[in-house]
Amino acid sequence: MSGLVIRNLCVTYGSGDRSVPAVRGVDVDVLPGATVGVAGESGCGKSTVALAVLRLLPRTAQITGQLQIEDEDVLTMRWGRLRAVRWAGASIVFQGAMHSLNPVHRVGDQIAEPILLHASPPGGAGSTRTRVDTLLEQVGLARQHARSYPHELSGGQRQRVMIAMALACDPRIIVADEPTTALDVMIQAQILRLLGRLVREHGIGLMMISHDLSVLAHTCDRLMVMYAGRVVEEGPAQEVFRAPRHPYSVGLRAAFPTIGDPGARRRPHGLPGDPPDPAALPTGCSFRPRCDVSEGRCATVDPVLWPVPDVHTGPRAAACVRVLSPTPEPEHGNVVEETDTL
Amino acid sequence: MSRDLPARRPRALAWQRRRRALAEFWVEFRANRAGVVGLGALLAIGLIALGAPLLIDTDELSVTRATGPILDPPSLSYPLGTDDAGRSVLDLVIWGARVSLTVGFLATLVSVTVGSLVGIVAGHFGGWVANVLMRVTDWFIVVPMLVLAIALAAVLSRSTLTIVIAIGLTAWPPTARVVRAQTLAVEARPYIERARALGAGHVHIMTRHVLPNVMPLVLAQTTLLVASAIIAESTLAFLGLGDPTVVSWGGIIQDARGAGAVSAGLWWYVLPPGIAIAAVALSFTLCGRALERVLNPRLRER
Amino acid sequence: MNAHGDTAPGDGGSGAAAHMVEQEAGLRAVDLATVFPGRLGRPAAVAVDRVNLDVHTGEIVALVGESGSGKTTLARTLLGLERPTRGRVRFDGRPLAYSMRALRAYRRRVQLVLQDPTGSLNPRHTVYEAVAEGLRIHYGTRPDEQELVADALAYAGLRPPERMFLRYPHELSGGQRQRVVIAGALVLEPEIIVADEPVASLDASVRGEILALLLRLRDELALSALVVTHDLGLAWNIADRVAVMYLGRIVEIGEVDTVLTAARHPYTQALLSVLPESPATTPTVLSGEPPDPARIPAGCRFHPRCPILESGRAERAGVAERCRTEDPPVLDGAGGHQVACHWAHAVS
């Protein structure tokens, strides 16, 4: 199987008594030309998964499980090979385009850097410049922008430059970590449209990470919702978004209202409480303390991903005991409103 | 977290918080071995300087009333030998610590106060205020300290106070620059905007927000400044600009030079005050670096 | 091209009338302009260009726009943090004075909540100090300070408040920090809160909670709020009225229910169409970046990016020439659904 294959990925920071499990067993498949969205709050482990794909985690992190890019195991790979894979096999687009670009180098030189390091084009400097021009054109920037410095560009333009860099060595996989978070709606729409086009045209596998479920639902084929280091729900993006089955997905879904929906008018929805401390997870289901439909068994059963039995267009699963054996209750998926306690 | 808080008043809360912060600070500081060594040495030197009147009979320090042999090498009764007036060099070095430390601290106090004030005011107000203040700072940076000190000594009397003023007036510009840079960084933070929107005036912002954030830097700067102030005092005393009636380390070395100790190979007369100056300066520097490391999280990670 | 843009709705003024009160609105921007002088020979940047906006008592107004639209400058000018170059800020029936004393008194009654709760708390101050700061600025140390701080924290949803007193900002989650900032504003019992992107840096799950808190403040304390945001969903969630800002000018204003379901300005329509959940079949993605406030286009300031003009529909309505040459009249910002667009007026 080509593309990106992640099996039972576990990442633990630190060791011994002070070890903190950031990712606790995650499976992801990103096929060429497909887009997989990973949603969740900060601290749920979604960015750790992104960094693990390219082995960019700090040395204190212990990684177990399987992680393959184009049938090559990334975790056991030699250093030299890993360097090659980092741009040509898979590349990453970070959130803060301002901080990821070097302020003292021209944008064109920064795009050329991975090309010179990895692809060593036959034509030398001239062909590299042509390649940079092509890349800028692909991401919708004028050729002259190659001579600009990062501070001369707007936020959206810088994010385009980041995407051009990610494309530089024709990677098979692109990991985009919150690519549009700091951008305005209009620029966000432009960037999402661009990413979608590139995936289609180049047959790239895209793993997109965001806290905004609605953005993912409309740009991805499949959607995974992560909570406390695990995937708690996955399935076809539109279906998960329209009818989420895990109470946490329901909460995330309701956090971003649909304009025109009378149910959300003057009624903001949120989840009570804060994400759990990964060093001190509650027993049973880790979402239990914030869940408004939790039951007695939730304190003892730590649910795994379980196939959702309803009709759907692709495999669906959710890690909730109510999916496994629904409790008879007429109302399902109601979101708790603002509660007074934290 | 704390338990019986509701009964406490804000003042008690503030104290409890301060105690906790201090304890945390101590734990961090203790982890830095060089800093602990420096601090230990400073405490020891400080105690000796404070206790000097108990250890030494002041008559023994008088040129006219000293009883020892003249220019005697180290012996049991005079562990560091004697000088050309028959005084014990050990006694002189111990007594000299009092003046050197006093001048060091006072001069530092003057320069840090002036430097912080100028830095914070220039950083907070900006505009022409900053322009004027920073030009004055630049002017003081290029004024050579020795020349100014000699000029001051000529105008004022040759006293310890003159030396303090001379050092204090020339040592503040670097502090002012550092504090101004830090003030600018703090002023750009959103909590300054929030305080302003809450109705805070200039004084409130400078004392409640800027000062606490600048203090750690100033503190580290202070310990480093003390070291250079002590060296500066020794230099001035060595050049004969100090008060001739008080014993200081620089003064001892000057006396030794006058007595021809260097050419005569009277090492016990020259080396001890020199080593004392180096030891104190080193201790302060070690402490200062440790403080910097503890108080500046960016350095702590390395 | 634009699914729901063709049907120009009737005037939404009837709903807004309910909010119109006899006396003058709480906080008003009257013909307000804020210009930043250009540096190094560059032209001056007109961040806010003749804005009229009323925030009535007990009303939440959302000010929506892209970055560079001048929405944050408008908020800062309303708070007296910037001085307007034209027009004035009026509060409680009187123009805002800019003496130290007058500003201090004003800032007890109008409070600011910033976007980044982490940055808006001094890392060296405890929660108690952060919340008590406003009290100490305006009243010195009061004997009932501790009760007031505890009440404000509890109201902002941090309970029990006593357990929060000694915490430092870095020990709190993002949502808790924003609650501390809100408590610090509430403790002065303000009449209006100006919130600049209050939830933009918070997690999705916390977002709803903070918005619900703002809504509760309006319902229970009759607190008015001006919420500056780029998020139209936020406006739908909590606001009564919404003002859409483009290049320093309000281009559309009115009740949330009318503006967001039947937008009349092509810019508002485009903003709505690119939302992931938009009912529009084809999103109108405007090309390019929001233009420079130092070079505001002649005519209608939106005309270089206007999809209506580009598609020739403005031509058909006979207003294309006016779009290019004539600046639409400034909206008065009081109530009712208003739009600054030649085309919208021509087709309605």
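Predicted model: local features only at pLDDT ≥ 70, side-chain atom pairs only at ≥ 80, totals over all residues.
Chain A has 11 helices and 12 strands, and 48% of its 342 residues are buried.

As for its dimensions, the C-alpha trace of chain A spans about 70 × 50 × 35 Å along its principal axes.

## Chain C: contacts and overall build

Now for chain C, which holds 14 helices and 11 strands. Here, 70% of the contacts between residues at least 6 apart in sequence join residues at least 24 apart. Buried residues account for 60% of the 348 in chain C.

Taken along the principal axes, the C-alpha atoms of chain C fill a box of roughly 70 × 45 × 45 Å. With 348 residues, a compact globule would come out near 20 Å in radius of gyration, and the 21 Å of chain C agrees with that.

## A sheet in chain C

Chain C also contains an open sheet of 7 strands with mixed pairing.

To find one of the pairings by eye, go to C:L63, whose bridge partner in β8(C) is C:V228.

## Where chain C meets chain A

Two pairs of chains are in contact, and of these, chains A and C share the most contacts. Chain C puts 38 residues into its contact with chain A, and chain A puts in 39. On the chain C side, α6 (174–186), α7 (204–221), α8 (232–238), α9 (256–261) and α10 (266–273) each supply at least two residues.

Which helix of chain C gives the most to the side that touches chain A? That would be α7(C), with 10 residues. By residue type, the side of chain C that touches chain A divides into 20 nonpolar, 11 polar and 7 charged.

## Where chain C meets chain B

Chain C touches chain B as well, through 27 residues from chain C and 25 residues from chain B. Elements of chain C that each supply at least two residues here are α3 (100–109), β6, α4 (127–139) and α5 (145–155). The largest share of this side of chain C comes from α4(C), with 5 residues.

The side of chain C that touches chain B is made up of 10 nonpolar, 8 polar and 9 charged residues. Chain A and chain B, on the other hand, do not touch, and their nearest C-alpha atoms are 14 Å apart.

## Chain B and its record

For chain B, an unreviewed UniProt entry gives "domain: ABC transmembrane type-1" at residues 97–288. In the model, that stretch of chain B is 86% helix and 0% strand, with its end C-alpha atoms 20 Å apart. The UniProt entry, again unreviewed, also places the feature "transmembrane region" at residues 34–56, 103–127, 139–172, 214–239 and 266–291 of chain B.

Two of those spans are worth a look. Residues 103–127 of chain B are 96% helix and 0% strand, and the end C-alpha atoms are 36 Å apart. Residues 139–172 of chain B are 82% helix and 0% strand, with the end C-alpha atoms lying 12 Å apart.

## The largest nonpolar core

Finally, the largest nonpolar core has 287 residues, of which A:M207, C:V131 and C:L226 touch the most other members. Helix α8 (residues 202–238) of chain B provides the largest share of this core, 17 residues.

What does C:V131 contact once its neighbours within four places in sequence are left aside? The list is C:V149, C:A152, C:L153, C:V180, C:A183, C:G184 and C:V187.

How values were computed:
Residues numbered from 1 in each chain as written. Chains lettered and ligands numbered in written order. Contact = placed C-beta atoms within 7 Å. Helix = DSSP H or I, 4+ residues; strand = E, 2+ residues; numbered from the N terminus. Nonpolar A, V, L, I, M, F, W, Y, C, P; charged D, E, K, R; others polar. Buried ≥ 20, exposed ≤ 12 C-beta atoms within 10 Å, placed from the backbone. Pairing = 2+ DSSP bridges. Rg over C-alpha atoms; globule rule 2.2 N^0.38 Å. UniProt positions renumbered as here; feature names shortened; annotations may be inferred. Core = buried A, V, L, I, M, F, W, Y, C linked by C-beta atoms within 7 Å.
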